[in-house]
Amino acid sequence: MRQRIWALLLLLIVAGVHMKLASATKHRKNHKTAHNKELVDAFEKRLLAMFELQSRPKASGNRSISDYMWELYKKQNKMHSGRKANTIRCFRGQEVTSKNLCDPFNVLYSFDLSSIPRHEQVSAAELVLYREQSSQDRKPIHRVQVFDLLRPRTPNTNSIQRLLDTKVFRSSSLGEWEHFDVLPAVHRWRHNPHENYGLQIELVSTANTTESQTVRLKRSVGEDPHRWNQVEPLLVTYSFNPTNSKVDSLSRTKRNVRKHRRKGRKDNCRRHALYVDFSDVGWNDWIIAPPGYNAYFCHGDCPFPLPDHLNTTNHAIVQTLVNSANPAAVPRACCVPTELSPISMLYKDKFDNVVLKNYQDMVVEGCGCR
């Protein structure tokens, strides 16, 4: 009987210890999970700050974007070379319906530009219209005029317009985009947002009604929404952020890449592969392209004496000499990035506008001892 009691007590003690251990293990797991979540949150917050975003944009169900923005993205390893800009934004227009604008070749679109930060300098702005392929042998002539609506029409007053740009062209054998300069209107809207009444577009054509629809001003009856998203009129702004204006020197970058490819010790300072996948942080729902990018990183020894191919500075050479004589006095030179290049990102902001932005210093092109 006494043995049974001792055995029962022993079982209770063991069970108690096991429960305490299980509780402690569970606590550690919960603490680790909470710690990991804090790290992920901090990592995401830091990335958002780097991308100059206040918060993570909420993904919308519609991921289709205009062919025009895809073309811009594919053409650009660097930002648009003809303009002083590091950010391109694309705005879909909201058609303003009015009894006075029942003509299919006279349309008014409003554009909400409130997502452009006030500190950004808009250097160019275009209205882009798509001309589809014409099947007629004799190509009709089109004239398109774009106006800034300074004052809308009221029952007692007429509207006031300012002509911004006009173009005369024939229908194309291939689909093309036509560009109209609307920068004065954008500057006016940013200065006085309450006076943003939109852009009025007028089309005059020598062709019949069906052929005139090749200049896409409105969605056709029964047209597939996805197709319309590819060719609808867009307002495209090119802006410059002074806080992100570092100069990129690709010629020096290429020279340094060649230097680091020279034969040397494998454990010496060099560039290593590092792929950043946006799906790892759950950003693939609002970043359209790229899905990730090769960031690379620098790692390796800076030995004494420093070889020329390690892209060293005179200061690094002196520091290494002092370290070799007295390691306690000064550390060795470090393997760090010496040349960086940008990447272009295509994404939708919190207003569901498509943004093409150039981010500096994202990819390691060369490493050296510094």
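**View 1. Contacts across the whole chain.** Of the contacts (heavy atoms within 4.5 Å) between residues at least 6 apart in sequence, 74% join residues at least 24 apart. This is a predicted model, in which local features need pLDDT of at least 70 and side-chain atom pairs count only at pLDDT 80 or more, while totals for chains, interfaces and linings use all residues. Residues are numbered from 1 along each chain as its sequence is written, and side-chain values use heavy atoms, with hydrogens and water left out. The chain has seven helices and 16 strands, taken as DSSP runs numbered from the N terminus (helices H or I, at least four residues; strands E, at least two). Of its 370 residues, 42% are buried, meaning under 20% relative accessible area with a 1.4 Å probe, protein chains only; exposed is over 50%, and partly exposed sits in between.

**View 2. The open sheet of seven strands.** Reading across, the order is β7-β4-β9-β1-β16-β15-β12, with antiparallel pairing. Two strands pair here if DSSP finds at least two bridges between them. β7 (176-181) and β12 (287-289) stand at the edges with a single partner strand each, so one side of each has no neighbour in the sheet. From one strand to the next the twist averages 35°, an angle between N-to-C directions, on a scale from 0 to 180 degrees, of lines fitted to C-alpha atoms. Over at β4 (residues 121-131) and β9 (residues 234-240), seven bridges hold an antiparallel pair, and Val128 has Leu234 as its bridge partner in β9.

**View 3. Strand β15 and its partners.** Of the 14 residues of β15 (residues 335-348), 11 are buried, so the strand is largely enclosed by the rest of the structure. With β16 (residues 354-369) it pairs in the antiparallel sense over 12 bridges; look for Pro337, whose partner in β16 is Cys367. The hairpin of these two strands has five residues between them, and there Asp352 takes a positive phi near 70°. β12 also pairs with β15 in the antiparallel sense, over two bridges, with Tyr347 in β15 as the bridge partner of Ile287.

**View 4. Phe278 and its surroundings.** Phe278 lies in the loop between β11 (275-277) and β12 and is buried, at a relative accessible area of 3%. Leaving aside residues up to four places away in sequence, its contacts include Phe51, Trp283, Ile287, Tyr293 and Met345. Pro290 is on that list too; its C-alpha atom is 8.6 Å from that of Phe278, 12 residues apart along the chain.

**View 5. Three disulfides.** Counting cysteine sulfur atoms within 2.5 Å as a disulfide, there are three, and the bonded cysteines pair 1-4, 2-5, 3-6 in sequence order. Cys269 and Cys335 have their sulfur atoms 2.1 Å apart, with an S-S torsion of about 75°, so this disulfide is right-handed. Cys298 bonds to Cys367 at 2.0 Å; here the torsion is about -85°, so the disulfide is left-handed. Cys298 is in β14 (residues 297-299) and Cys367 in β16, so the pair ties together parts 69 residues apart in sequence. Cys302 joins Cys369 (S to S 2.1 Å), with a torsion of about -95°, so that disulfide is left-handed.

**View 6. Cys334, a cysteine in no disulfide.** The nearest cysteine sulfur to Cys334 belongs to Cys302, 6.9 Å away. Cys334 is partly exposed at 45% relative accessibility, whereas Cys302 is buried at 2%.
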